[in-house]
Amino acid sequence: MAERSSQELDRLRDRIDEVDKDLLTLLRRRLDLVGEVGSIKHEQGLPIYAPKREAAMLMKRREEATLMGVPPQLIEDLLRRIMRESYASENDVGFKCINPDVGPIVIVGGAGKLGTLFSQLFRLSGYEVRILDKDDWPNADAILDGAGVVVVSVPIHHTNAVIAQLPTLPKECVLLDLTSIKQAPLAAMLSKHQGPVVGLHPMFGPDLSSLAKQVVVVCHGRDEARYQWLLEQIRIWGARLHEAPASEHDQAMQLVQAMRHFTAFVYGAHLRRERADLDQLLQFSSPIYRLELAMVGRLFAQDAKLYGDIIFSQPDTLARARHYMDRYQEALKMLEHGDKAGFEAQFNDIADWFGDFAKQFQSESGNMLLSANDNRSEA
Ligand SMILES: O=C(O)C(=O)C[C@]1(C(=O)O)C=C[C@@H](O)C=C1
C-alpha cells in the first residue's frame with residue numbers, strides 16, 4: 001500500500017476540527033436546554049441534582065454507544081463532565097425560596113470563604129442575608145435584630161466563644177454552626193439558645209461552584225421540626241444530607257480528618273527534612289505517586305491555622321496518633337528483622353479486612369488517575 005501523504009493527514013485533521021466544532025454547537029444547545037430545565041426547577045423547588053434521571057440517562061447512552069461501536073465509558077465520562085457544568089449553570093438561575101416568611105439570615109463569619117459560599121446560596125434563594133464579621137460586633141444587636149437563622153461560620157477555636165458572645169436571639173430563630181467538629185459547638189449552642197438548634201458539617205471545601213452531589217452532615221440539636229425547611233432548602237441546592245449523632249460524627253472525623261492531616265503533615269515534614277527534590281520526584285512519579293504527592297502537597301497550599309485547628313481541637317487526636325505510632329513501630333520491627341513473610345501475612349490480613357472496599361477503591365482511584373493523566377500536556 002502506498003504511503004499516505006502528509007496532505008492526507010492535514011485533510012483528516014481538518015475534518016476532525018469540523019467534528020469538534022459540531023460538538024461545540026451541540027454543547028451550546030445542550031447548555032441552553034439545561035438553562036430552561038434550571039428555571040423550571042427553580043419555580044418548582046426541585047433539587048439541582050436528579051440522581052434517578054442521571055442514572056437512567058447514562059444507562060441508555062451506554063447502551064446506544066455500545067450499539068454504535070463507541071466505548072460506553074467514553075460517553076459516560078463525557079456526560080458526567082458535561083453535567084458538572086449543568087449544576088453550575090442551574091445554580092446561576094437561583095433556587096426556590098422554601099421559607100419566604102423567615103427573618104433575615106445572619107452569617108457570623110460571613111466574610112470567610114465558607115460563610116461567603118453559604119451567603120451566596122441563601123441570596124440566590126431569595127433570602128435577606130446579613131453578615132456579622134469580626135469588626136461588626138459593636139453593631140451585633142442591630143444586625144441580629146429579628147434574625148430568622150443565625151449561621152456560625154468561624155474558625156473552630158473561636159466557635160464556642162463566638163456562640164457565647166451572641167446576644168439573646170429571638171425564640172423562633174434557628175441557630176446552627178458549620179464547624180468540622182460537632183459535639184462542643186452543639187452543646188454551646190444548646191446552652192446559649194432556647195429555640196431550634198442544629199449542627200451542620202459541609203463535607204467539602206468552600207471553592208465550589210455548586211453543592212450538587214456534596215454531602216452535608218446534620219447533627220440534630222433541638223426542635224427538629226422547626227428547621228426542616230432549612231434542610232429542604234439545602235437539598236434543593238443539590239446536597240445530600242447525612243444525619244448522625246454528634247459523637248459518631250466526631251469519632252469518624254478523628255480518623256477521616258485529624259489523623260489523615262496529621263499523617264500528611266508528618267510526611268511533608270519528612271520530605272522537607274530530607275531536602276527532597278520535588279521536581280525530580282515528580283519526574284520519577286507514575287500518576288498514582290503524583291496523586292499521593294499532590295494529596296500531601298495540597299495541604300501546604302492551605303491555611304496552617306485551619307489545619308492546626310482540626311488536629312488540635314479534638315481531644316482524642318493525641319491518643320490516636322500514639323496508636324498510629326505503635327503500628328508504625330510494629331511495621332518497623334518487621335523491616336528490622338527482614339520479616340517479609342510477616343509483612344505479607346499482615347498485608348493479606350488487612351486486605352481481607354478491607355474486603356470489597358479494596359477493589360472499589362482501586363477502581364475509583366483508577367478513574368482519578370486516568371483523568372489526572374488527561375489533564376497533563378506538554379505543549
Ligand atoms: O434533567 C435534569 O433535571 C437536569 O437538571 C439536567 C441534567 C443534565 O445535564 O442532563 C443535570 C442535572 C441533573 O442531575 C440531571 C440532568
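1. Domain bounds, as used in this note, come from an automatic or database domain assignment. On that basis the protein chain falls into domain 1 (11–93), domain 2 (105–244) and domain 3 (249–374), and the centres of domain 2 and domain 3, taken over C-alpha atoms, are separated by 32 Å. The contact draws 11 residues from domain 2 and 10 residues from domain 3, where two residues are in contact if their C-beta atoms, placed from the backbone, lie within 7 Å.

2. This is a predicted model, in which local features need pLDDT of at least 70 and side-chain atom pairs count only at pLDDT 80 or more, while totals for chains, interfaces and linings use all residues. Residues are numbered from 1 along each chain as its sequence is written.

3. On the side of domain 2 that touches domain 3, the elements giving two or more residues are α6 (156–165) and β6 (215–222); helices (H or I, at least four residues) and strands (E, at least two) are DSSP runs, numbered from the N terminus. By class, this side of domain 2 has six nonpolar, four polar and one charged residues, with Ala, Val, Leu, Ile, Met, Phe, Trp, Tyr, Cys and Pro counted as nonpolar, Asp, Glu, Lys and Arg as charged, and the others, Gly among them, as polar.

4. Helix α2 (residues 51–68) packs with helix α3 (residues 72–93) at an angle of about 145°, their axes being 8 Å apart; axes are lines fitted to C-alpha atoms, for helices over the stretch in contact, and angles run from 0 to 180 degrees between N-to-C directions. Among the residues making the contact are L58 and A65 of α2 and L79 and M83 of α3, and the residues of this contact divide into seven nonpolar, one polar and four charged.

5. Which residues lie around the ligand? They are V34, V37, Y49, A50, R53, E54, M83, S86 and E90, a residue being near a molecule if its C-beta atom, placed from the backbone, lies within 6 Å of it. Helices α1 (6–44), α2 and α3 each supply at least two residues of this shell, and the largest share, three residues, comes from α3.
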